[in-house]
Amino acid sequence: MDRDGWTEPDYREQVATLADIAAQAATLQPGADKAVAQCGGVWPVPDAAALELGRLSRSYSPLYERVRRLEVDAALTEPRDELLSLLSYHLHMLRDAGDLAFSGRRDERTEPFRQELAQGLGPYATRLLRLAAELRARAEAAEDQMTYSAGRGEFELDDIYLPGTQSEGD
C-alpha cells in the first residue's frame with residue numbers, strides 16, 4: 001500500500017495471482033479428495049485410482065511451482081506461504097496414497113495408515129477452501145479500491161494553470 005492507503009498495482013496483481021491459483025487448486029480438490037479416499041477403501045484399489053492420482057499430481061505440481069516462485073509484498077507473505085504449504089500437503093497425500101495403495105503387496109504394518117486415507121484430505125481441504133475465499137475477497141477489495149481510486153477526481157498537469165507556463169498566444 002502507498003502512503004495514502006491506496007493499493008499499488010503490484011499488490012493487486014500479486015493477490016489476484018494467489019487468488020487464481022488457490023481457486024484452481026480448490027477446483028481440483030474434490031477429485032483429489034476422492035482419489036485419496038479411494039486408496040483407503042476396499043482392497044485392491046482400482047487401477048483407475050492410480051491414473052487419477054497421477055493426473056491430479058501433474059495438475060497440482062505447476063500450481064505449487066508458480067506459488068513457490070512468486071515474489072510477493074510483505075502483506076502477502078503469510079497467505080502465500082500457507083497456500084504453498086497446502087499445495088505441498090495435497091501433493092504429498094496424492095503420492096503417499098498411491099505408494100500405500102499400489103505397493104504391489106498388502107502390508108499389515110501400513111494397513112492402518114492406508115485405512116486413514118479413507119478420510120481423504122481432511123481438514124487441509126477445508127483450509128484450502130477458506131484460503132481461496134480469503135484471497136478472492138482480498139483480490140476483489142484491491143480491485144474495488146483501485147476502481148474507487150481512479151474515479152476520485154484525478155487531474156492531469158495540463159488541467160492546472162501554473163504561473164509562467166502559459167504561452168503568449170493563450
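Colleague: Quick one to start: is Tyr89 buried, partly exposed or exposed?
Modeller: In this predicted model, Tyr89 counts as partly exposed, with a relative accessibility of 22%.

Colleague: How many aromatic pairs does the structure hold?
Modeller: The structure holds one aromatic pair, and in that pair Tyr89 and Tyr124 are stacked, with 3.7 Å from centre to centre and 15 degrees between the planes. The pair links distant parts of the chain, since Tyr89 lies in helix H3 and Tyr124 in helix H5, 35 residues apart. Tyr124 is also partly exposed, at 30% relative accessibility.

Colleague: Switching to charges, how many salt bridges are there?
Modeller: The count comes to nine salt bridges, and one of them joins Glu111 to Arg114, whose closest N and O atoms are 2.8 Å apart.

Colleague: Where do Glu111 and Arg114 sit, and how far apart are they along the helix?
Modeller: Both belong to helix H4, and because they are three residues apart there, about one helical turn separates them. Glu111 is buried, with a relative accessible area of 6%, and Arg114 is buried as well, at 3%.

Colleague: And what does Glu52 form a salt bridge with?
Modeller: Glu52 bridges to Arg55, the closest N and O atoms being 2.7 Å apart. Glu52 is partly exposed at 26% relative accessibility, and Arg55 is partly exposed at 36%.

Colleague: New topic: which residues does the cis peptide bond join?
Modeller: The cis bond joins Trp43 and Pro44, with omega at about -5 degrees, and Pro44 is placed in the loop between helix H1 and helix H2. For background, most peptide bonds are trans.

How values were computed. Residues are numbered from 1 along each chain as its sequence is written. This is a predicted model: local features need pLDDT of at least 70, side-chain atom pairs count only at pLDDT 80 or more; totals for chains, interfaces and linings use all residues. Side-chain values use heavy atoms; hydrogens and water are left out. Helices (H or I, at least four residues) and strands (E, at least two) are DSSP runs, numbered from the N terminus. Rings of Phe, Tyr and Trp (its six-membered ring) pair if their centres lie within 6.5 Å; planes under 30 degrees apart count as stacked, over 60 as edge-to-face and the rest as tilted. Buried means under 20% relative accessible area, exposed over 50%, partly exposed in between (1.4 Å probe, protein chains only). A salt bridge is a side-chain nitrogen of Lys or Arg within 4 Å of a carboxyl oxygen of Asp or Glu.
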